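I opened my notebook to get to know a new structure. I will go through it one look-up at a time.

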Amino acid sequence: MSNSGDHEAMNPSDSAGVSAASTETASSSQAVALGKGLDVGTANLVAAVQNDDGGITVKMERNAFIDIEHDVHSKNLLTKLKVPYVVHNNTMVVLGDESFQLANIFNRTTRRPMKDGLISPSEADAMTMVRLIIQKVLGEPQAPGEVVYFSVPGEPIDSEANVVYHEGVFSGLLTKLGYEPRSMNEAHAVVFAELADQDFTGIGISCGGGMFNVCVAFKSIPALTFSTSRGGDWIDKNVSQVLGVPVSKATFIKEQSMDLMNPTNREEEAVSIYYRNLINYTLTNIKSQFLGSSGMPEFPAPIDIVTSGGTSSPNGFIELFRDEFKKLDFPIKINEIRRADDPLTSVAKGCLVAAAIAE
Amino acid sequence: MSIDVRRAIEKNAYVTSVADLEKRGQRHVRVIKTSTIRELIDQAVENVQRNADGPMPKDEMVAETGQEFQRLLKEKQSQQSALEETQTQIAHYKALITDLNSRIEHQENEIASLRAQATAAASTPVVDEAELASERKRSNALEQEVAEKTAQLSELSAKASRAAALESELATWRARSEEASARAQKLESERAQHDAETSEKVNRMNEHLLRQERDVEAAKEAVAKADAYQSEIAKLNAEIRTMRESQPATESLVAELRQMREGMTELQLRNRELEMQAAQAQSAPQADTSRLEELLEAKMSQISTELSAKLSNMRVAGGGGGAVGGTSPEDIKNTIAAIFSHDLDGEIDSNLDDVTVKEKQSGGIAGNLARLKNLGKK
């Protein structure tokens with residue numbers, strides 16, 4: 001079930017294992033700086049690049065936009081306020097986080113180029129906006145044909161969606177921008193970013209806006225990857241329906257500093273209920289995939305589960321996750337369930353690790 | 001012309017005994033003087049005439065006078081009742097005063113008697129000091145009692161006059177209370193009416209709002225539908241364009257197809273003819289018929305193959321899928337290239353170069369890289 005297209009969707013560990021040359025060149029400062037990671041998420045676009053201080057610099061922007069009336073006054077105002085806009089097909093479009101804020105102010109819903117983890121078929125014109133946001137967060141290639149690893153979802157087990165087209169579109173876009181694109185399963189990227197101390201063995205879960213992606217890896221090699229087409233948006237949609245508020249408003253409630261284990265009002269209660277349901281749904285699917293898969297490795301010791309992604313950010317998420325995990329008779333012994341230190345940047349960081357190895 | 005009221009009453013009344021009335025349960029009767037009746041009639045007639053604008057028909061005059069008479073009679077009766085009540089009260093107070101006076105008189109007589117006894121006792125040479133003291137004490141007590149009774153009397157008198165004043169005040173307050181009650185009823189009725197009107201207005205506004213909300217929803221739905229229709233129309237237009245472009249080829253193919261069909265029909269007719277001939281000439285050699293069938297089958301097969309090939313070519317030429325809709329990696333690459341061929345090249349008006357995106361620093365990946373490389377070496 002591991003995802004692969006024709007865009008060199010390779011296992012990055014392969015390059016680590018087979019290319020001695022790239023291992024050597026990685027020690028030079030030029031080689032370490034080259035290579036970029038890009039998390040193509042339904043909710044956010046996040047790019048990671050190594051910096052001169054030995055750390056990484058992460059740039060992110062919300063993957064959303066909203067169209068507003070095009071007039072000189074609005075244009076001047078947006079320019080003055082440094083709100084990112086684009087005039088496209090004679091329509092003024094506000095991009096990123098500001099579009100989300102505008103949607104909340106005007107009680108509208110943002111337009112989303114992606115849905116359920118993949119390019120949205122109903123937003124075909126939105127590719128221009130995605131390209132502009134990617135250009136902004138990723139910047140120009142540092143050298144022609146610089147390798148960029150970008151995240152793609154695993155094959156969904158609960159929908160007919162196909163990732164081939166999605167992967168191809170982003171690959172084409174990055175090629176146009178002057179990069180050499182390579183795709184990487186986003187849960188695998190979580191393994192690369194968060195399970196180094198466990199020799200890249202364990203379960204990485206990317207809790208995104210459109211999907212939950214799961215990767216079971218042994219020594220960096222993915223043994224099982226899949227996705228479920230329920231994520232943060234699924235929570236927003238359901239909360240929006242039960243509370244009778246726009247989806248943007250539901251997202252706003254969810255992203256406030258609430259504690260999922262201790263909801264304090266009706267809205268937070270609704271968010272907590274749907275979170276619990278989503279976690280239970282994901283864990284049940286992981287269990288059934290484990291039991292149904294013939295190629296599962298025998299783990300010599302209990303393994304870790306690490307979660308990342310914006311949907312895993314709220315306080316109490318990991319406690320809720322542990323709570324639901326206890327209810328299942330899980331087929332693998334688990335040592336620890338934890339959340340990535342920085343859930344929003346974990347996938348981009350994993351992609352960057354892969355890119356740096358490839359360079 | 002004056003009316004002899006007494007005679008008129010006597011003429012229209014019947015005589016009954018008090019005992020008879022008592023038998024019917026009427027223990028009390030109201031009595032009205034003939035003069036009062038006369039006064040009431042005069043007053044009624046005068047009132048009606050005064051209020052009339054001009055000469056009045058007799059029937060109307062009679063009716064209105066009758067009504068006025070009844071009203072005046074009721075008024076009079078009410079006054080009479082009030083008077084009787086007042087008189088009863090006065091009689092009660094008078095009896096009280098009489099009683100008190102008699103008691104005072106009795107006490108005064110007793111005092112006088114005691115005084116006389118005291119005087120007589122004083123003139124008696126042999127005085128029993130103890131009896132005298134006792135009598136004095138008794139006299140003092142009686143005097144004190146008299147003083148108390150006198151005070152009680154004056155108090156009762158004051159109470160009587162206060163009761164009369166209170167009675168009058170009570171009547172005034174009753175009148176005011178009735179007036180206030182009437183006013184309150186009127187206000188209550190006005191308020192109820194106002195409430196009903198307000199409630200109706202609110203209901204009307206709610207209905208209006210609901211209608212507006214429904215209209216907005218319908219408008220949104222219509223816009224969405226319009227968008228969908230527009231997209232459908234665009235798609236259809238594209239298909240029409242493609243069809244038009246391939247029209248000449250299609251037309252020639254259709255003509256060819258028609259020709260072939262005609263040929264087929266001709267061959268089928270010919271086949272039927274031959275079958276009939278074969279049936280008629282049963283003595284003819286069997287091999288000839290078989291040959292003919294083989295020829296026909298071969299021809300039919302050829303026509304069918306040709307038709308299939310041409311129809312297949314038509315589909316490709318018509319743009320119904322072919323190369324564009326393919327699922328091979330090369331096809332997908334071509335499709336994606338087509339998507340970006342025009343999108344990335346144009347000038348776009350934006351301020352993206354002047355704005356900064358959210359940025360943060362994070363720990364390095366050196367450790368991850370080192371472990372991954374070690375793993376690769378192992």
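Before I quote any surface, I note that accessible areas come from the Shrake-Rupley method with a 1.4 Å probe. I also note that this is a predicted model.

**Entry 1: chain A as a whole**

I looked up the surface of chain A and found about 14,100 Å², with 48% of it belonging to carbon and sulfur atoms. Chain A has 359 residues, and buried ones make up 59% of them. I listed its secondary structure as 13 helices and 15 strands. For contacts with a separation of 6 or more in chain A, 71% are between residues 24 or more positions apart.

**Entry 2: chain B as a whole**

Next I turned to chain B, where 13% of the 378 residues count as buried. The accessible surface of chain B is about 30,100 Å², and carbon and sulfur atoms hold 54% of it. I found nine helices and two strands in chain B. Read from the N terminus, the elements of chain B go α-α-α-α-α-α-α-α-β-β-α. In chain B, 75% of the contacts with a separation of 6 or more involve residues 24 or more positions apart.

**Entry 3: where the chains meet**

How many residues of chain A are in contact with chain B? I found 55 residues of chain A in contact with 33 residues of chain B. Between them, chain A and chain B bury about 4,200 Å², and 64% of that is on carbon and sulfur atoms. On the chain A side, A:Arg131, A:Lys136 and A:Lys176 lose the most area to chain B, together 13% of what that side buries.

**Entry 4: a sheet with strands from both chains**

I traced an open sheet of four strands in the order 4(A)-6(A)-5(A)-1(B), with antiparallel pairing. Which strands stand at the edges? They are strand 4 (65-68) of chain A and strand 1 (349-350) of chain B; each has a single partner strand, so one side of each is left without a neighbour in the sheet. A reminder to myself: strands of a sheet pair through backbone hydrogen bonds.

Inside this sheet, strand 5 (residues 85-88) and strand 6 (residues 91-95) of chain A pair in the antiparallel sense over four bridges. I picked out A:Val87, whose bridge partner in strand 6 of chain A is A:Met92.

Then I checked what lies on the sheet. Helix 6 (residues 127-138) of chain A packs on it and touches strand 4, strand 5 and strand 6 of chain A. The direction of helix 6 makes about 45° with that of strand 6 of chain A. Helix 4 (residues 72-81) of chain A lies across strand 4, strand 5 and strand 6 of chain A together with strand 1 of chain B, and runs at about 20° to strand 6 of chain A.

**Entry 5: helix 7 of chain A**

Is helix 7 of chain A mostly covered or mostly uncovered? I found it mostly covered, with 10 of its 14 residues buried. Among the buried ones are A:Val163, A:His166, A:Phe170 and A:Leu174. Helix 7 (residues 163-176) reaches 20 Å from its first C-alpha to its last, close to the 20 Å expected at 1.5 Å a residue. After helix 7 of chain A comes A:Gly178, with a positive phi near 100°.

**Entry 6: one leucine in a loop**

I found A:Leu328 in the loop between helix 12 (317-326) and strand 15 (334-339) of chain A. Why does A:Leu328 count as buried? Its relative accessible area is 19%, and buried means under 20%. Beyond its neighbours within four places in sequence, A:Leu328 is in contact with A:Leu283 and A:Thr284. A:Leu328 and A:Thr284 are 44 residues apart along the chain, and their C-alpha atoms are separated by 7.7 Å.

Conventions: Residues are numbered from 1 along each chain as its sequence is written. Chains are lettered from A and ligands numbered from 1 in the order in which they are written. This is a predicted model: local features need pLDDT of at least 70, side-chain atom pairs count only at pLDDT 80 or more; totals for chains, interfaces and linings use all residues. Side-chain values use heavy atoms; hydrogens and water are left out. Two strands pair if DSSP finds at least two bridges between them. Contact means heavy atoms within 4.5 Å. Axes are lines fitted to C-alpha atoms, for helices over the stretch in contact, and angles run from 0 to 180 degrees between N-to-C directions. Buried means under 20% relative accessible area, exposed over 50%, partly exposed in between (1.4 Å probe, protein chains only). The expected span of a helix is 1.5 Å times one less than its number of residues. Buried area is the accessible area (1.4 Å probe) that two parts lose on being put together, summed over both.
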